[in-house]
Amino acid sequence: MSFHDLYRHVLEDLVTGFSTDRNANHLAVARRPAILSVLAAAGQETSVAEALHAVENAAPRFCGPSEWLLVSRTLSAEHLADALFDIRGALVVDQSEGKVLLSISGPAVRTVLAKCVAVDLHPEAFAMGQSANALICHLPGNIARTGDDEFEIVTPRSFAVSVFEELLEMGREHGLTRNFTE
Amino acid sequence: MASLITCPHCGTRPKEEFSIRGAAGPERPSPTARDEDWHRYVYVRDNPKGRYQEHWHHVAGCRRWLVVDRDNLSHEVFGVTDAAEFERARVAK
């Protein structure tokens, strides 16, 4: 049994089978990212936030006051949870199996996202590394800017198919392609 | 998306991201208060025309309860505060 049979991604059937070359505008699905939900105990919000920003190879995503998602493509969830164990006042829950990480990039990325995200994503309004919880294609999710023209979306697994299909539809006029990334 | 609410945690967002609970004005009586007071708190509302304060839940954003001070006729928004801060300010009064 191969690795991909053991960990079958929820978008497996929607991504595989289409062997198109990657266009400038592209939607990449992370195959097995680590996504942890972190809550800070009352009064420890700032110290937990600083500690989360200091974690290497992982990026904290702002969800609300005293709540973050910690996302990593390279580290395992267990490894990350161990690294967070020492942070005082941080309550960590592994959400990797319950969330899906999408990465959308390209010169037309803001035009595509403007159709389904009501957050101002202009480079001057939404800085690099900034993130926000918002409605994404009518469903709650988290959006973060990870590059000049690159955004990452974290969406609950059960909503992923709907969000994915809608993003592809929004990006069709710009030739949005898709694939899996490790 | 005409109605925009400026969430103190998330910034300006459309009303579709929120869920409205109702008036933020009524104060919860003490557990030993008379039945009439509890009846008034649970069931009786003024339903004013014009400016009033409402509990809004930012469901699709920070998931915090907010108090939106708005005019329900013109939908002009005068201010949005976190419900916890609103309650703290009310207790301090």
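Modeller: Start with the buried residues of α6(A), among them A:Val163, A:Phe164 and A:Leu167.

Biologist: What makes a residue of α6(A) buried?

Modeller: Buried means under 20% relative accessible area, exposed over 50%, partly exposed in between (1.4 Å probe, protein chains only). A:Glu166 is on the buried list too, so its relative accessible area is under 20%. This is a predicted model: local features need pLDDT of at least 70, side-chain atom pairs need 80 or more, and totals for chains, interfaces and linings use all residues. Side-chain values use heavy atoms, without hydrogens or water.

Biologist: Why is α6 of chain A called a helix?

Modeller: A helix is a DSSP run of H or I with at least four residues, a strand a run of E with at least two, numbered from the N terminus. Helix α6 covers residues 157–171, 15 residues, so it passes. Its C-alpha span is 21 Å, close to the expected 21 Å; that expectation is 1.5 Å times one less than the number of residues.

Biologist: Why is the pair A:Glu67 and B:Arg63 called a salt bridge?

Modeller: The rule wants a side-chain nitrogen of Lys or Arg within 4 Å of a carboxyl oxygen of Asp or Glu. Here the closest N and O atoms are 2.5 Å apart, so the pair qualifies. The count between chain A and chain B is one salt bridge.

Biologist: Which elements give two or more residues to the side of chain A that touches chain B?

Modeller: They are β3 (59–64) and β7 (131–136) of chain A. The largest share, four residues, comes from β7(A).

Notes
Residues numbered from 1 in each chain as written. Chains lettered and ligands numbered in written order.
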